[in-house]
Amino acid sequence: MIESATAVLPVDRIEPSLEFFARVGFEKIVEVPEGDHLGFVILMQGGVQLMYQTRTSIQEDSGMLPNPGEGAPVLMFLKTDDLEACKKALEGYEVVMEERTTFYGAREIGYREPGGHIVTFAEFAEEAEG
């Protein structure tokens with residue numbers, strides 16, 4: 001039934017988050033302006049899609065955020081085949097979860113991206129992926 005799922009990440013401003021994801025290979029494929037800044041974007045890397053929309057744009061578009069300044073961060077889990085490359089690309093960004101090895105066989109590290117959301121990058125050992 002379901003072909004894909006993509007979270008729409010609410011933020012005050014989109015532009016600061018673009019560089020974070022560009023560093024790990026995402027490209028902006030759709031953008032919708034909102035005044036002098038972006039109101040909505042779609043980012044792609046391979047078959048992985050992310051969407052960002054400003055809180056004010058969401059409120060104007062659908063009214064789904066009655067208090068546009070409120071909201072909890074989204075926690076994203078991104079599987080990678082090269083954790084070291086991700087870490088190198090994201091040097092200087094806030095690490096909120098130090099690198100660790102999990103009980104499910106992943107090496108992972110978590111960052112706070114500029115929009116306030118938490119992004120965990122995880123690399124699985126080949127034998128743990130099966």
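Let's start with Tyr52. In this predicted model, Tyr52 has a relative accessible area of 0%, so it is buried. The cut-off for that word is under 20% relative accessible area. Tyr52 sits in strand β4.

What does Tyr52 touch, once its neighbours within four places in sequence are left aside? The list is Leu9, Val11, Ile14, Ser17, Phe21, Gly39, Phe40, Val41, Leu43, Glu113 and His117. Take Gly39 from that list: Gly39 and Tyr52 are 13 residues apart in sequence, and their C-alpha atoms are 8.0 Å apart in space.

Now the strand itself. Strand β4 covers residues 48-54, and five of its seven residues are buried, so the rest of the structure largely encloses it. Thr54 is also in β4. Is Thr54 buried or exposed? Its relative accessibility is 0%, so Thr54 counts as buried. A polar atom of the Thr54 side chain lies 3.1 Å from the backbone nitrogen of Ser57. Beyond four places in sequence, Thr54 touches Val11, Asp12, Arg13, Ile14, Glu34, His37, Leu38 and Gly39.

Next, the partners of β4. On one hand there is strand β1, residues 8-11, which runs parallel to β4 and is joined to it by four bridges. Within that pairing, Val8 stands opposite Met51, and Pro10 stands opposite Gln53. On the other hand there is strand β3, residues 37-45, which runs antiparallel to β4, with six bridges between them. Here Ile42 stands opposite Met51. So much for the pairing; now the turn. β3 and β4 form a hairpin with two residues between them, and Gly46 in the turn has a positive phi of about 60°.

Zooming out to the sheet: it is open, has four strands in the order β1-β4-β3-β2, and its pairing is mixed. Which strands stand at the edges? They are β1 and β2, the latter being residues 27-34; each has a single partner strand, so one side of each has no neighbour in the sheet. On average, neighbouring strands are turned by 20° against each other, direction ignored.

Two helices pack on this sheet. Helix α1 touches β2, β3 and β4, and its direction makes about 15° with that of β3. Helix α2, residues 55-62, touches β1, β2, β3 and β4, and its direction makes about 85° with that of β4.

The largest nonpolar core has 23 residues, and the members that touch the most other members are Phe20, Phe21, Val24, Tyr52 and Phe121. At least two residues of this core come from each of β1, α1, β3, β4, β5, α3, β7 and β8. As for Phe21, its contacts beyond four places in sequence are Phe26, Leu43, Leu50, Tyr52, Met76, Leu78, Glu113 and Val119.

A word on the rings. How many aromatic pairs does the structure hold? There are ten. One of them is Phe20 with Tyr93: the ring centres are 4.9 Å apart and the planes are at 90°, so this pair is edge-to-face. Phe20 is in helix α1 and Tyr93 is in the loop between α3 and β6, 73 residues apart, so to speak a link between distant parts of the chain. Both Phe20 and Tyr93 are buried. Ring pairs also build a cluster out of Phe20, Phe21, Phe26, Tyr52, Tyr93, Tyr111 and Phe121.

Finally, the whole chain. It has four helices and eight strands. Read from the N terminus, the elements go β-α-β-β-β-α-β-α-β-β-β-α. Of its 130 residues, 38% count as buried. The C-alpha trace spans about 45 × 40 × 25 Å along its principal axes. Among contacts between residues at least 6 apart in sequence, 46% join residues at least 24 apart. The pair of Phe20 and Tyr93, 73 residues apart, is one link between distant parts of the chain.

Key. Residues numbered from 1 in each chain as written. Predicted model: local features only at pLDDT ≥ 70, side-chain atom pairs only at ≥ 80, totals over all residues. Heavy atoms only, no water. Buried < 20%, exposed > 50% of the residue type's maximum accessible area, 1.4 Å probe, protein only. Pairing = 2+ DSSP bridges. Polar contact = N/O pair within 3.5 Å; in protein donor to acceptor, adjacent residues only side chain to side chain. Contact = heavy atoms within 4.5 Å. Core = buried A, V, L, I, M, F, W, Y, C linked by side-chain atoms within 4.5 Å. Phe/Tyr/Trp six-rings, centres within 6.5 Å; stacked < 30°, edge-to-face > 60°. Axes fitted to C-alpha atoms, helices over the stretch in contact; angles between N-to-C directions.
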